[in-house]
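The sequence and the model come first.

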Amino acid sequence: NRQRNATCYKCGARQDTSATGQLADLRTERAIIQRGAKRYRSSLIFAIIAGVFILMVAALGVLVLNESVAAYRVLRDQIPGIVGGSVSQRELAATLAPTVVPQLVQNVIAFLALTTFAVWLSRVVANIPALGGGTPSVSSTRAFFAPFIPIYNLVKVPPIMQEALYRTDPKAGGLFMIAVAWIGLVGSVIVSFFAGWWLNLRVISIAANATSVGQAIDELVAAFDLGMIVDIITSLMISVGSVILVLVMLRIERRARGRDREIRRGAATMVAAHEAA
């Protein structure tokens, strides 16, 4: 029975006048019992490290986008020369050179961000029983590997984070923010992959079916412009998704820390009551 709902599923009474207090006490007692077997270990340090890397990916995305747009403009003007064979490989390499290093650094930082995020998510899931949230639907091991698996991560990671939000605070929501963040990060990769695949096929089709050099140039310019638009959209998706993801992570951490303090106070009260008896 989700405590964020106004009424109880079973009896139909308002939760604020029915069993809400009893549920809160039960969660605290359950957390104290669980901590006898497995202690609570803060995930804040992993959230901070992962958050820094994620924001670095967002910042580098803006830098790469700026360099890419400049390179696109130069390459677009050189398409007639490329089709005519008057542009050398060295000239093309010199045009693309400013984008190579930022993209390489972004890829390395993105891998570090994904790894530290996976470690953080695994720790969050492992802490759920010690916060009185019961048994999560996935193990901490599965939570660690889920972000690395293409397509599966787009489907599975948002529910894991939503479950972490709910189990640390039964009145919590936040699925929309999680979905926006994950679609921005993972969806951008999927869009970029299929767009690149389609553009490659389009270039091959233009080369095979163009009836004149002029037609080939016009169609290549159109495909090139579409590729630039896709790159701009996916770069913005990554940047926005990165910022929102960090905000969601901080929300989970804030709720987990608040819940931990609540459980510690409950345990202290129980010990004091036992000693008084």
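In which helix does Ile-49 lie? I find Ile-49 in helix H2, where helices (H or I, at least four residues) and strands (E, at least two) are DSSP runs, numbered from the N terminus.

**Ground rules.** I am working on a predicted model, in which local features need a pLDDT of at least 70 and side-chain atom pairs count only at pLDDT 80 or more, while totals for chains, interfaces and linings use all residues. I number residues from 1 along each chain as its sequence is written, and side-chain values use heavy atoms, with hydrogens and water left out.

**Confidence.** I looked up pLDDT, the predictor's confidence in each residue, from 0 to 100, and found that the protein averages 79, with 77% of the residues scoring at least 70.

I count seven helices and zero strands in the protein, and reading along the sequence gives the pattern α-α-α-α-α-α-α. For burial I took buried as under 20% relative accessible area, exposed as over 50% and partly exposed as in between, with a 1.4 Å probe and protein chains only; buried residues make up 39% of the 277 residues.

**Back to Ile-49.** I noted that Ile-49 counts as partly exposed because its relative accessibility is 36%. Ile-49 and Ala-113 are 64 residues apart in sequence, and their C-alpha atoms are 8.1 Å apart in space.

The 17 residues of H5 should span 24 Å, and the end C-alpha atoms are 24 Å apart, so the two values agree. The buried residues of H5 include Asn-153, Val-157, Pro-158, Glu-163 and Arg-167. In the loop between H4 and H5 I stopped at Ile-151, which has a positive phi of about 70 degrees although it is not a glycine. Most residues other than glycine have a negative phi. Ile-151 is exposed, since its relative accessible area is 52%.

**Largest pocket.** I used a 1 Å grid over the protein atoms alone, on which a cavity is a set of points where a 1.4 Å probe fits but cannot get out, and a pocket is an open set with protein on both sides within 12 Å along at least five of seven lines; lining residues have an atom within 4 Å of a point. A volume is the space filled by probe spheres set on the points, and grid points are joined across faces, edges and corners. The largest pocket holds about 1100 Å³ of space. I find 40 residues in its lining, of which Asn-107, Leu-185, Ser-188, Val-189 and Ile-238 lie nearest the centre. Helices H2 (44-84), H3 (89-127), H6 (175-209) and H7 (213-276) each supply at least two residues of this lining, and H3 gives the most, with 10 residues. I sorted residues into nonpolar (Ala, Val, Leu, Ile, Met, Phe, Trp, Tyr, Cys and Pro), charged (Asp, Glu, Lys and Arg) and polar (the others, Gly among them), and the pocket lining divides into 27 nonpolar, 12 polar and one charged.

**Largest cavity.** How many cavities of 30 Å³ or more does the structure hold? I find one, and the largest cavity has a volume of about 50 Å³. Its lining residues include Tyr-40, Asn-127, Thr-168 and Glu-253. H3 and H7 are the elements that give two or more residues to this lining, with H7 giving the most, three residues. The cavity lining divides into five nonpolar, three polar and one charged.

**Aromatic pairs.** I paired rings of Phe, Tyr and Trp (its six-membered ring) if their centres lie within 6.5 Å, with planes under 30 degrees apart counted as stacked, over 60 as edge-to-face and the rest as tilted. A search of the whole structure finds four such pairs. Phe-144 and Phe-148 form a tilted one, 5.6 Å centre to centre with 50 degrees between the planes. The rings of Phe-193 and Phe-194 are edge-to-face, because their planes stand at 80 degrees, with the centres 5.2 Å apart. Phe-193 counts as exposed at 54% relative accessibility, whereas Phe-194 counts as partly exposed at 48%. I also recorded that ring pairs link Phe-144, Phe-145 and Phe-148 into a cluster.

Conventions: The expected span of a helix is 1.5 Å times one less than its number of residues.
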